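Dear colleague,

Please read them with the coordinates open beside you.

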Amino acid sequence: MGFWIATGLFSGLVVMLLLLAASRPQRAATPAAAYDLQVYRDQLKEVERDVARGVLTEEEATRTRAEVSRRLLEADRAMQAQGTQTQSAGRFDKLLIGAALAASVAGSFAIYLQIGAPGYPDLPIAARLDQVETARAGRPDQATAETQVPFRESQPADPRREALVIQLREVMEQRPDDPQGLALLAQNEAALGNFRAGHLAQARLITVLGDAVTGLEYIDLAEMMVLAAGGYVSPEAERALLRGLELSPRNGTARYYIGLMYAQQGRPDLAFPIWRNLLAESTPDAPWLAAIRLQIEEVAFLAGVNVTLAELPQPPAPRGPTAADIAAAQDMSAQDQAAMIESMVAGLAARLATDGGPPEEWARLIGAQIVLGRTEEAMMIAEEARVTFADLPDALALIEAAVAPLAGRAP
């Protein structure tokens with residue numbers, strides 16, 4: 001409020017000073033017609049002196065007086081008209097100045113409301129990075145974060161798994177250094193939603209494995225910690241992730257959580273490239289894809305990158321049935337064969353109809369339709385493919401090879 005009061009007072013003061021300056025009577029500039037009037041008056045006096053000296057006759061003086069008087073009257077009318085125009089222009093200028101000042105003040109406040117941050121000091125990049133590092137160093141640890149989780153959605157009841165976990169707990173009390181038992185206990189505790197118990201068992205497993213531990217154990221530990229903390233990446237989870245990436249540099253789960261950590265810590269400039277590359281390199285069924293797609297546009301905006309999800313590289317779409325799939329289907333029963341091929345063909349046909357695809361996939365779809373006995377559909381797809389790849393001889397060769405079994409049949 002103090003900021004707005006101060007800016008309002010200063011803005012009002014500036015506007016008032018400018019209006020006073022514009023309203024102050026100014027010394028009017030002498031119009032050109034005034035000089036003409038003075039000249040003509042002097043000429044009339046000069047005529048009288050010339051008559052007195054005998055330079056002009058009375059008849060010549062009369063004509064001269066008439067001409068000079070006429071010019072004197074014209075100059076007087078011109079000066080009066082110029083004074084009226086100057087007065088009107090002065091009022092218009094004042095109105096224009098007032099409107100411009102009001103618009104400037106209103107525009108300044110409107111722009112500041114959009115891009116300003118009242119009450120905050122200047123924040124250069126170096127200062128902001130220092131603030132991020134300070135906040136990062138003082139962020140809550142794993143135990144504190146777990147106590148601050150307000151609500152955790154319960155997992156669906158699974159009596160068989162619950163009974164198994166109870167047995168595993170009893171067994172591990174007797175055999176605390178059994179790596180296989182610890183791995184099973186950690187996985188099943190996490191599956192029941194007991195993430196704290198899961199990451200404690202996983203940490204014990206890493207200790208027991210010693211030099212035999214792999215990056216996957218550290219990454220599983222970090223994921224359980226993150227889930228136990230309600231999605232927050234604690235310092236302990238960060239250390240586990242970094243160790244996991246040292247041992248498994250291309251692991252997608254670890255890369256996703258590292259990107260999440262940077263996003264949480266106010267470093268979208270580091271989170272965005274990690275997620276962008278992971279999005280492009282993932283398989284279509286990767287579990288982190290949905291989470292990345294949900295958040296990456298906002299992270300890109302905060303990182304200063306103007307990009308939409310559609311403009312980012314995406315994982316390749318699932319491919320249609322291969323020749324091996326079709327051959328395997330021929331050994332099945334007629335009902336199973338039809339169901340298997342039908343599902344694969346439907347997905348491939350839908351994708352080619354909407355997004356298109358390489359000639360290999362068109363040829364694959366033609367072969368699948370032939371296996372299903374849909375010769376007319378196969379011929380129609382072949383005709384469409386011929387139009388699509390009319391300028392690509394190699395692609396046309398693939399299409400013709402696929403449709404070769406239909407040679408001699410009517411479309």
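In this predicted model, Glu 246 is exposed, with a relative accessible area of 55%, and its salt-bridge partner is Arg 243, the closest N and O atoms of the pair being 2.8 Å apart. Arg 243, at 33% relative accessibility, counts as partly exposed. Both residues belong to helix H10 (residues 235–247), and because they are three residues apart there, about one helical turn separates them. Elsewhere, salt bridges with shared partners link Glu 46, Arg 49, Asp 50 and Arg 53 into one network. The count for the model comes to 20 salt bridges.

Two further pairs deserve a look. The side chains of Asp 177 and Arg 204 meet in a salt bridge with an N to O distance of 2.1 Å. Asp 177 sits in the loop between helix H6 (159–174) and helix H7 (179–191), whereas Arg 204 is part of helix H8 (residues 195–209), so this pair ties together parts that are 27 residues apart in sequence. Asp 177 is partly exposed, with a relative accessible area of 45%, and Arg 204 is likewise partly exposed, with a value of 35%. The other pair is formed by Arg 175 and Asp 178, whose side chains meet in a salt bridge at 2.7 Å, N to O. Here Arg 175 counts as partly exposed at 47% relative accessibility, while Asp 178, with a relative accessible area of 17%, is buried, because the cut-off for buried is under 20%.

Now to the helix pair. Two packed helices are described by the angle between their axes and the distance between the axes. For helix H16 (residues 359–371) and helix H17 (residues 375–388), the packing angle is about 165° and the axes are 8 Å apart. Since angles over 145 degrees count as roughly antiparallel, H16 and H17 are therefore roughly antiparallel to each other, and their crossing is left-handed. On the H16 side, the contact is made by Trp 362, Leu 365, Ile 366, Gln 369 and Ile 370, and on the H17 side by Glu 377, Ala 378, Ile 381, Ala 382, Glu 384 and Ala 385. The residues of this contact divide into eight nonpolar, one polar and two charged.

Definitions and conventions: Residues numbered from 1 in each chain as written. Predicted model: local features only at pLDDT ≥ 70, side-chain atom pairs only at ≥ 80, totals over all residues. Heavy atoms only, no water. Axes fitted to C-alpha atoms, helices over the stretch in contact; angles between N-to-C directions. Helix = DSSP H or I, 4+ residues; strand = E, 2+ residues; numbered from the N terminus. Parallel < 35°, antiparallel > 145°, perpendicular 65-115°, else oblique. Left-handed = near helix turned anticlockwise from the far one by under 90°. Contact = heavy atoms within 4.5 Å. Nonpolar A, V, L, I, M, F, W, Y, C, P; charged D, E, K, R; others polar. Salt bridge = Lys/Arg side-chain N within 4 Å of Asp/Glu carboxyl O. Buried < 20%, exposed > 50% of the residue type's maximum accessible area, 1.4 Å probe, protein only.
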